[in-house]
Amino acid sequence: MSDTIDIISQLSRGLGITVSILIASAILAYFMAFFAGLCRLSSSRIVRVATGFYIEIFRGTSLIVQLFWLYYAIPIIFGIQLGNNWVIGVIAIGLNYGAYLSEVVRGSIISVDKGQTEAAVALNMSKKQRMRLIILPQAIRMMLPEFGNYTIQMLKGTSLVYLIGLTDILYYGNMMRNTNLDLSPLIYILVLVFYFLLALPLIWFTRKAEDISKKGVAS
């Protein structure tokens with residue numbers, strides 16, 4: 001019992017980093033999702049191609065590789081320091097999942113029934129008004145479940161930031177494992193419990209989002 005309490009106490013030291021990375025990277029990912037998703041629907045070919053390049057790069061390469069590139073390679077090759085390891089962790093996770101979520105945004109927008117757009121045109125609405133008042137409110141309802149699922153994935157992704165020196169939950173778990181090899185099974189069971197408890201509110205939100213997405217969308 002004393003070992004369990006000691007491990008929980010140590011793992012709790014990394015809780016703040018894990019939660020702060022999750023919140024900040026989720027905000028960045030959501031922003032990039034809407035920005036890139038809407039750009040993919042732009043009438044400008046240059047905008048669509050540039051956005052598509054970002055999406056395919058971040059979807060097509062590993063998050064670990066992206067972390068190492070932002071933290072090690074870019075400062076060495078280009079002499080550009082993007083910030084401390086916390087900032088780089090947020091940027092890497094936010095841009096990575098923002099690329100995935102941008103396709104959710106794009107797909108949800110084009111899934112809104114065409115009759116809605118035709119009705120808005122008949123009411124003499126501008127393109128911006130149609131998007132803001134008719135299309136986006138319905139599309140956002142459809143996006144919610146996937147946003148919830150990807151936020152859970154982002155929580156799991158935060159476990160990689162220990163690779164660039166951030167003292168998150170997994171960092172303290174590995175530190176304890178290195179000095180207490182016989183406690184390794186217990187340590188990693190408790191690490192798993194920590195991540196599961198953090199995921200529970202997100203799982204609840206995702207289930208609620210699935211109910212919300214079924215309402216108020218024209219089909």
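This is a predicted model: local features need pLDDT of at least 70, side-chain atom pairs count only at pLDDT 80 or more; totals for chains, interfaces and linings use all residues.
N174 belongs to helix α8, which runs over residues 169–179. Apart from neighbours within four places in sequence, the residues in contact with N174 are Y162 and Y188.

N174 is one of several buried residues in α8; the others are I169, L170, Y172, G173 and M176. The buried residues of this helix pack against three other helices: α1 (2–12), α2 (15–39) and α9 (184–213). An α-helix has 3.6 residues a turn, so residues three or four places apart point the same way. Among the buried positions of α8 are I169 and G173, as well as L170 and N174.

## Aromatic pairs

The count of aromatic pairs in the model comes to ten. One of them joins F34 and F147: the ring centres are 5.9 Å apart and the planes stand at 50 degrees, so this pair is tilted. F34 is partly exposed at a relative accessible area of 25%, whereas F147 is buried at 8% relative accessibility.

Another pair is made by Y171 and Y172, whose ring centres are 5.3 Å apart and whose planes are at 90 degrees, so the pair is edge-to-face. Y171 is partly exposed, with a relative accessible area of 24%. Y172 has 13% relative accessibility and counts as buried; Y172 is also among the buried residues of α8.

## The cluster around F34

F34 and F147 are also members of an aromatic cluster, together with Y30.

## I77 in helix α4

I77 lies in helix α4, which covers residues 63–78. With 52% relative accessibility, I77 counts as exposed, because the exposed class begins over 50%.

I77 and R141 are separated by 64 residues in sequence. In space, their C-alpha atoms are 43 Å apart.

Conventions
Residues are numbered from 1 along each chain as its sequence is written. Side-chain values use heavy atoms; hydrogens and water are left out. Helices (H or I, at least four residues) and strands (E, at least two) are DSSP runs, numbered from the N terminus. Contact means heavy atoms within 4.5 Å. Buried means under 20% relative accessible area, exposed over 50%, partly exposed in between (1.4 Å probe, protein chains only). Rings of Phe, Tyr and Trp (its six-membered ring) pair if their centres lie within 6.5 Å; planes under 30 degrees apart count as stacked, over 60 as edge-to-face and the rest as tilted.
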